[in-house]
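Please open the model in your viewer and keep the selection panel at hand. The stops below are meant to be taken in order.

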Amino acid sequence: MSTEEFLRWETRFSSDEFVFGTEPNAFLAACCDLLPPSGRALSIADGEGRNGVFLAQRGLSVLSVDYAPAAQRKAQQLAKARGVTLETQQADLFTWQWPSGFDVVVGIFFQFAEPEQRALLFERIRQALKPGGLLLIEGYRPEQIGYGTGGPKQPEKLYTRALLEQAFGDFDRLCIQEYDAVIEEGAGHSGMSALIDLVAWKPQA
């Protein structure tokens with residue numbers, strides 16, 4: 001990412017307030033029964049750690065990755081307050097040497113990538129998951145631009161069913177849901193939103 005992007009996110013997360021709140025994303029919380037009781041989880045673009053901390057509370061060993069050190073300091077603060085351990089790593093997802101062997105990969109609203117960059121991220125996600133591993137993704141659909149309640153303003157950065165099917169259509173038990181709902185995730189995401197969720201398992205080798 002550019003220096004400008006780094007400064008934008010670092011500045012955004014530098015306040016004492018948790019920009020996206022401290023509770024887990026509603027979609028992720030609703031998937032709690034799908035999570036394995038133990039194992040390794042990767043939460044990408046995890047920001048201030050609300051989702052990574054939730055995964056750790058479920059008994060998983062969590063690597064929380066984000067670009068902004070300010071966000072990760074707050075993630076560690078939240079983990080301490082909740083009595084769990086969270087491994088954090090500052091990384092640019094486009095150049096990071098992604099580890100592999102994860103039982104779960106979670107990507108919630110990581111829609112900062114241009115289409116060609118997004119294809120790289122999706123491929124890295126596939127490689128990071130172990131066979132049989134669970135993938136959970138939530139993002140905004142193009143209709144979100146009309147709501148203006150969060151997310152990017154560029155339609156090419158938003159998700160469609162066809163886009164996600166192209167990337168992960170070979171995964172097992174693929175379930176994609178499109179719907180509108182009110183979300184309240186701090187000041188960052190608040191109000192009626194055009195959402196799309198993906199749940200799938202990487203095929204066994």
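Buried here means under 20% relative accessible area, exposed over 50%, and partly exposed in between, with a 1.4 Å probe and protein chains only. This is a predicted model, in which local features need pLDDT of at least 70 and side-chain atom pairs count only at pLDDT 80 or more, while totals for chains, interfaces and linings use all residues. Residues are numbered from 1 along each chain as its sequence is written, and side-chain values use heavy atoms, with hydrogens and water left out.

Select helix 3, residues 50–57, where seven of the eight residues are buried, namely R50, N51, G52, V53, F54, L55 and A56. Helices (H or I, at least four residues) and strands (E, at least two) are DSSP runs, numbered from the N terminus. Among the elements that cover these buried residues are helix 4 (69–82), strand 4 (102–108) and strand 6 (172–185), with contact meaning heavy atoms within 4.5 Å. Just after helix 3, look at G59, which takes a positive phi of about 100°.

Next, select helix 5 (residues 115–128) together with helix 7 (residues 161–168), which pack at an angle of about 45° with their axes 10 Å apart. That makes helix 5 oblique to helix 7, since angles under 35 degrees count as roughly parallel, over 145 as roughly antiparallel, 65 to 115 as roughly perpendicular and the rest as oblique. To display the contact, pick R118, F122, I125 and R126 of helix 5 and L163, L164, A167 and F168 of helix 7.

Finally, move to strand 6 and strand 7 (residues 189–201), which pair in the antiparallel sense over twelve bridges; two strands pair if DSSP finds at least two bridges between them. V182 has M192 of strand 7 as its bridge partner, and G186, in the hairpin of these strands, takes a positive phi near 65°.

Notes
Axes are lines fitted to C-alpha atoms, for helices over the stretch in contact, and angles run from 0 to 180 degrees between N-to-C directions.
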